[in-house]
Amino acid sequence: DGTTRFLATGPDGTPSDTGAAGAAAVSDGAAHRRPPKRRRGLATLGILVLALAAGGAGGVVAEAIDDDGEGGGGTVTVIGADPAGLVERPPESIAGVAASVLPSVVSVSVADAGGSGFVISEDGYVITNNHVIASAGDDGIELAFTDGRRLEAELVGTSPSYDIAVLRVDADDLQPVVFGDSDSVAVGDPVVAIGSPLGLDATVTSGIVSALERPVTAGGEDDQSYINALQTDAAINPGNSGGPLVDSSGRVIGVNSAIASLGMGQQAGSIGLGFAIPIEQVQRTAQQLIADGEAVYPVMGVLLDNGFVGVGARVAEDGDNGPGVTPGGPADEVGIESGDVVVAINGEDVRTPAELIVRLRAHEPGEDITVVVDRDGEELEFTLTLGSAVG
């Protein structure tokens with residue numbers, strides 16, 4: 001339809017929709033008219049899909065090598081990294097950053113998947129992605145540390161909406177990471193990604209921050225997450241999910257979560273477009289999960305029309321999925337109506353339904369935001385106080 005939308009792919013590579021509920025909460029506020037202005041649409045991308053950066057189970061990679069070009073050859077088996085390879089280097093170098101962060105990074109293994117994680121407290125709390133451990137079931141979750149320990153982990157809580165999970169192991173001598181500030185990051189800043197891509201533990205890649213506040217959706221229909229992501233060209237591959245993205249001082253500024261991939265097949269690899277959840281959002285969500293076992297996200301009390309092909313996010317009409325505007329909800333209280341098209345939040349353009357949800361999720365419940373809607377060619381401005389939902 002000529003409109004680019006950031007979509008996630010399922011295991012079969014099929015793009016998923018942005019989901020129905022873009023609920024958001026609102027306080028009393030008057031509508032103010034302002035002249036309409038021209039807004040740019042999105043350029044159409046080629047075959048660009050987003051895939052969750054979770055890998056297959058196991059820590060061994062075997063690759064057939066054709067020695068003579070006619071099918072003959074042996075097999076190369078790659079096993080775990082050697083921690084003795086960490087030698088003293090200047091702390092500001094990539095090697096110095098790796099040496100300081102690697103002891104805090106773990107490989108996460110479940111029945112049929114794997115990923116990465118990192119330690120946030122001496123007494124055993126670990127952060128990873130929700131999609132890394134979503135298939136664990138009764139089979140358990142195992143964490144492998146760089147000192148050789150392999151420990152069973154219990155699940156403290158998950159937030160599919162933010163793609164964050166908190167685990168805990170029975171240990172009190174772990175080395176936690178140091179948190180940084182993703183709000184202070186600039187495009188071009190150097191970054192390092194650490195994790196277990198393709199099951200290769202203790203892998204370090206480097207690059208730069210290539211974009212900020214990139215709206216990204218990932219996951220399936222039942223566990224779709226919305227990320228106002230840091231974009232990086234550091235190589236991120238399946239298995240890097242849940243691992244840290246750190247700055248040049250070794251401070252964690254994000255959690256690696258998704259990659260863009262050319263093509264629609266199941267095979268996905270780095271093309272220099274990786275996405276990380278900003279660490280401030282991760283910290284807020286992790287604190288809620290540790291305290292309550294569940295996390296909340298902001299809502300504005302509307303359903304979005306995913307069939308809308310124009311610029312913006314249109315509030316759906318009442319239908320089988322429920323009312324377009326939740327009766328008595330925030331949007332209803334300030335006068336937002338079905339058919340209104342949200343075109344801006346806090347002065348930032350909104351071009352798709354997914355982008356609206358991503359921009360909302362970057363806020364916290366209880367915050368006031370300014371929403372501009374297009375109603376029959378006329379722009380109206382509302383002040384909303386975001387509500388909350390669990391997920």
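Student: Let's start with I236. Is it buried or exposed?

Tutor: I236 is buried, with a relative accessible area of 1%. Keep in mind that this is a predicted model.

Student: Where does I236 sit in the secondary structure?

Tutor: I236 is in the loop between β14 (225-232) and β15 (244-246). Its C-alpha is 8.8 Å from that of G195, and the two residues are 41 apart along the chain.

Student: OK, zooming out. How many helices and strands does the protein have?

Tutor: The protein has five helices and 24 strands.

Student: And what share of the residues is buried?

Tutor: Buried residues are 46% of the 391 in the protein. As for the surface, the protein exposes about 17,200 Å², with 48% of that supplied by carbon and sulfur atoms.

Student: What about contacts between residues at least 24 apart, what percentage are they?

Tutor: Take the contacts between residues at least 6 apart in sequence: 66% of them join residues at least 24 apart.

Student: Now the inside. Which residues have the most contacts within the largest nonpolar core?

Tutor: Those are F118, I127 and V282, in a core of 31 residues. Helix α3 (residues 279-292) gives this core its largest share, four residues.

Student: Is there a second core, or what else is there? Which residues does it include?

Tutor: There is a second, separate core of 24 residues, and V302, A313, V315 and V373 are among them.

Student: Back to I127. What does it touch, leaving out residues up to four places away in sequence?

Tutor: With those left out, I127 touches S116, G117, F118, I120, A165, V166, G242, V255, V282 and A286.

Student: Switching to backbone angles. What's the phi of D163?

Tutor: Phi of D163 is near 60 degrees, which is positive, and the residue isn't a glycine. D163 is in the loop between β9 (150-159) and β10 (164-169).

Student: Why does D163 count as buried?

Tutor: Because its relative accessibility is 2%, and buried means under 20%.

Student: And D376, what's its phi?

Tutor: D376 has a positive phi too, about 55 degrees, and again it's not a glycine. You'll find D376 in the loop between β22 (368-375) and β23 (378-385).

Student: Is D376 buried or exposed?

Tutor: D376 is exposed: its relative accessible area is 81%, and the cut-off for exposed is over 50%.

Note on methods. Residues numbered from 1 in each chain as written. Predicted model: local features only at pLDDT ≥ 70, side-chain atom pairs only at ≥ 80, totals over all residues. Heavy atoms only, no water. Helix = DSSP H or I, 4+ residues; strand = E, 2+ residues; numbered from the N terminus. Buried < 20%, exposed > 50% of the residue type's maximum accessible area, 1.4 Å probe, protein only. Contact = heavy atoms within 4.5 Å. Areas by Shrake-Rupley, 256 points an atom, 1.4 Å probe, with all protein chains shown as cover. Core = buried A, V, L, I, M, F, W, Y, C linked by side-chain atoms within 4.5 Å.
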